[in-house]
Structures are given as C-alpha cells and as structure tokens.
Amino acid sequence: MIAYSLWRVSQGLLVVLGVTVIVFVLVHLLPGGPGALLGERATPEQIKAFLQANGYDKPIYEQYINYLRQLLHGDLGYSYLHNATVSSLLAQNLPKSALLVGLSYIVALAVAIPFGLMQALRRNRAVDYVLTGLSLVGYSMPVFWIALVLISLFAINYNILPPVGPSGATVSEVVQQPANLVLPVLTLSVVTVAQFSRFVRSSAIDVLVQDYVRTARSKGISEWHVVSRHVVRNSLLPIITLIGLSLPGTLSGAVVTESVFNYPGMGLLFWNAAAAHDIPVLLGFTLVVSVSVVVGSMVADVLYAVCDPRIR
Amino acid sequence: MKRDSNIGSTRIGESGLRTETVTGSDPPDAEDPAHGAAAPATLGQTFLRNRMGVAGLAALIGVALFSFLGPHLYQTNQINTNIVQAHLAPSWQHPLGTDQVGYDILGRLMVAGQSSLIVGFSAAILASFLGTLWGAIAGYCGGWIDAVMMRVVDSFLSVPPLLLALVLASVYKPTIPVLIVVLAVLSWLVTARVVRGEALSLRVRDFVRAARFVGSRERYIIRRHILPNIIGSIAVLVTLSAADAILLLAALSYLGLGPPPPAANWGEMLANGLNYAFDGYWWLVYPAGILIVLTVVAINLIGDALREAFDVRLQQR
C-alpha cells in the first residue's frame, strides 16, 4: 500500500515535470519568442532589456533550470495587462472555479450513479434505452448550447432563476448568491452526468455477470441486498479513477461555462487573457491547472488503492 | 488466448489485411481458431446487425451529402454580405431565414458542415496516426523507452484540452490547417494509450515471438503483426476523436478563436446565433445546434457499434 503510493507519487512528480516542459516549450514556440510575453506594443529595446533581465539570452537548458527555480519560488510570471502577478490572480480566481467544479461533480454523481445502476438493472428495457439516449445526446451537446437551453428554459420562459452567475471577489461572496450558482453548476453537470452514467452502467453490467453475484442470489439474499451489498460497492469503485480522468475535460467545460455566465473564476480570466493575448496568464494558468489535474488523479489512484486491496 | 486471436483474425479478414498477416512467419495455430467452431460473422455483418450503428451511419452519410452535395443543388451566396437581407425569418426564398449579415442560413449550414466535418475527421485521422505510431513503439519496445514515452502522454493528458487549444489558437492565427493540427495535438493521447496497451500484450503472444524467433526485424513485426491486430481499436478511436474534435471546434469558435469569417463552421454559427437568442431569432440557434448534436451522436453511435463488432466477447455474453 505504502510502496504503491510512493511509486504513484513519484510517477506523478515526473508528470508534473513533463507539464513544466510543455509550458516551457510553449513559451519558446510563441511567434517572436519569449519577447511576446511583454505584449504586442513592446518596443524592440524593451524586449531586448526584458530578454536579458530574465536570462532568455542564455542557453536553453540553463533557461529551463532557471524557469523551474522561479516556479519553486512561486513566481508564475507577471501580467502586464492586469498589472498583477499571475499567482495573485490565481489565488483570487482559482477557489471560485474549484467551488463551481466541486459542486458540479457532487450534482453529477448524485444523478449519474442511480441512473447508471437503474440502466444496468433494467438492461435493454425502455428505461435503459431512454436514459442511454439522453446521456448520448447530453454528451454530444456543446457546453455553451446546454447553457443556452437552460437559460432560455429557466431564466426566460419560467423566470425562476437568474441567467447570470454570481458576482464577487471571494468564495464567500459567491456562496451568498445560491440562486445565481444553480444554472452554471447545472450546465457543467450535464456533460459529466452523461459521461458518468454511461460508465456506471457498463461497470455495473460487468459486475452483474460475476460469479459472486450469482452466488449471492442463489443463497436467497433479497435482490435489494444483492444490489446494495455486492453490485453497488464493486461497480462504483472505478468511479474514483474516472473522476481523476474526467478532470481535464470538466475544467475545459468550466472555461466555457464561466464565460457564458460571466462567472468570476479562472476560466473567465483565462478566456479574457486569450482574447487579449495576455500570455503570462495563459501559461501560468495552464501550468497550475495541469499540475492540479496531476495531483487530482494521483489522489484518486491512491484512494482507489485504499478502497480496493487488490490493487496494492 | 484463443478467443482473442479470434478478434484479430475477424478484423484482418474484413480489412483485407489477411494475406499480409498470414504470409511470413505466422504459425498456423494463431490463425486457425477463426475458422473453428465459433465461426463468427464478419465485421460488416455484425455492424449491420446493430441498428443504432446503422442509424448513425445513415445519419452521418446524410449530413455529409447535405454538406458536400447540397451547395450544388441549393446555390446561395456565402461570400458577399447583404445587410438589407439581415435577420429575415424563414420564408420560401430563405427556408431557414438569414443571419445578421444576410447570409442564407440553409446554404451556410451546408458550407459550414464542410469545414466542421473536414476539420473533425482530418484532426481525428492525423491524431490516430500520431497516437498509433507513438503507442505502438512504446508498447512494443517496453522498458524505459515505454516509461518515458508514456510519461510524455500523461503530461499532455493533464493539460485541459480547451486550455491548450486556447493558448495555441490565441498565439497562432486560427486557419483551418492550424486548427486541424491543434485539435490533433489534443487528441492523439488516448489513442497512444490504448494502442500501447494492446501492443504491450501482443508482443508476448506466440505469433509475435515466432516472428522474432525466425529473425524478423522489429520494424517489420510492428508493421505486419502488431498494427493489423489493433486496427479495430484504432477505427473506434478515430470515430470517437472525430466527435470530440467537432465539439472542441465548436467550443473554440464560441470562444472566438475558430476560423475567421467568411469561413463558416457550425460552432461559429451557433455561437453567433447565441448573441441574438434573446431576440427570438430561433433560426439562428436551433438548426446549427441540432446539426452538431446530430452529427456527434451519429459518430458516437458508429463508434459504439464498431467497438461492439470488434469485441467478440460482448457478442458472446
């Protein structure tokens, strides 16, 4: 167990290193090289001074080591657009995105697990077909289109929910506007529900044909006990891994959701940065979000090992 | 073991690669079970038995005909704007109305479909090619080469696709070829993982061992023995990543980083329509959205049916 965790964490650290290489390479792929970090209106003299001051004229491996050293000191770069360090922008915006993503996962799991189990137990019946069809359609809809459908339904037709996300600088301010949170969270949940319920369904179908389920049934245990004791426990375990795996996709969805609802998280900031060519923010956010994905899937795998002794 | 070689030969037979695989050093026992008691239906038959898959295929062919043949039957001006004709409701002259600069929506849906389909499928094919190469080499070589190559895949997989796409699309001018490359860069990873896993298990199989034993070169073994056996998984992955690429292109277009006008794609049309959603111009929003969903659902259905056709175990259950 401990050996496995150590191995998994070391693999995770390697991947983190890989991510830093990707972002480092991205800096050098910029048209005009790292000088582009200064923005489009920088003069050649400014760029030259900037390149020298930040060591971009040194050999590439030295630059990379220097870059890693900066990261270790928490220096993610400086946004000349916002006139603030990237890390301070992150500290302000990431928690709000984490709230949005976290809530949407809770909603998604609460819906997807019962749906998936019901589909597996009623396999190839009407319920299964309807839910499979719905999840396929949900999975095939662009996120911003889902958002629009929800807005036009709940905000325009029935007028029971506000069509914009909450506003505010901190998480506590955001939480105080629960009505505004509903539609962004729902939007982000739809795709996740579609993915997860498909997964729960196939996972439960795999478990239902196992010998231990047949044994349990033949012992005369009630169907409810068979399902709750044997099927649910075994078929839900892989979900832990799925959460880790689905994180990058969900975070992509969060960028779109936040820009639709004007939700003040990292996605909105990232989108604005992309439109304004605020490259330090783009690269710093990409790095931090990717690293948190690595950590997320690492935690998921270790958790899985804790829950399932066969992995150790 | 025997059941697995069944899958391989079903695929090979269908994809016309049998002659290549049977030649050379394949021991007969790796091939024979295919003709044994199970006598599985051909891939095509299994696929056609799946009604959802057939429906998906029909829908996709329909969408492709609509996009590529449609403009020849229903000619509209999709280059010059005509502000006088802006925001017209559907009528006999414009069956689906016009948009904010006077383009005929029905005609534009056709043209937009071309770029959506071309970008989606080109990206998927390019990505599968990259991923297959990468995964086959990693899985076949094993050891530290495999470890390094797979950590590279893991690193790319950790970067949320839309974030990377936004960085790339904001840095480079998003033309169609650039977008194809960007979307391919984002979606070769899953293919690489799957192919690597299969290559890893194939390389210890008897017929590969035998090939190595008689002195075949590594490159030859990968091309002749490993790749033909994973064609099925690759076909599934091409369809699924095409669906993802079309959705990702839509998201990019919504965020304003799709191909610039007058080039059109469904995502851009839909994103455009959303600006007017509150004005009741439903013809700007629903046709494009429905076409995206229809296409992506169709491709996913085809992918599922292909997977089922390739996966003999599912048929037996």
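**Exercise 1.** Where in chain A is A:N262 found?

Solution. A:N262 sits in the loop between helix 10 (223–261) and helix 11 (266–275) of chain A; helices (H or I, at least four residues) and strands (E, at least two) are DSSP runs, numbered from the N terminus. Next, look at its backbone: A:N262 has a positive phi of about 55°, although it is not a glycine. For background, most residues other than glycine have a negative phi.

A note on the model: it is predicted, with local features needing pLDDT of at least 70 and side-chain atom pairs pLDDT 80 or more, while totals for chains, interfaces and linings use all residues. Residues are numbered from 1 along each chain as its sequence is written, and chains are lettered from A and ligands numbered from 1 in the order in which they are written.

**Exercise 2.** Decide whether A:N262 is buried, partly exposed or exposed.

Solution. Start with the cut-offs: a residue is buried if 20 or more other C-beta atoms, placed from the backbone, lie within 10 Å of its own, exposed if 12 or fewer, and partly exposed in between. A:N262 has 14 C-beta neighbours inside 10 Å, so A:N262 counts as partly exposed.

**Exercise 3.** Find the contacts of A:F270, leaving aside its neighbours within four places in sequence.

Solution. Two residues are in contact if their C-beta atoms, placed from the backbone, lie within 7 Å. In chain A, the partners of A:F270 are A:V255, A:L282 and A:F285. From chain B, B:L163 and B:L166 join them.
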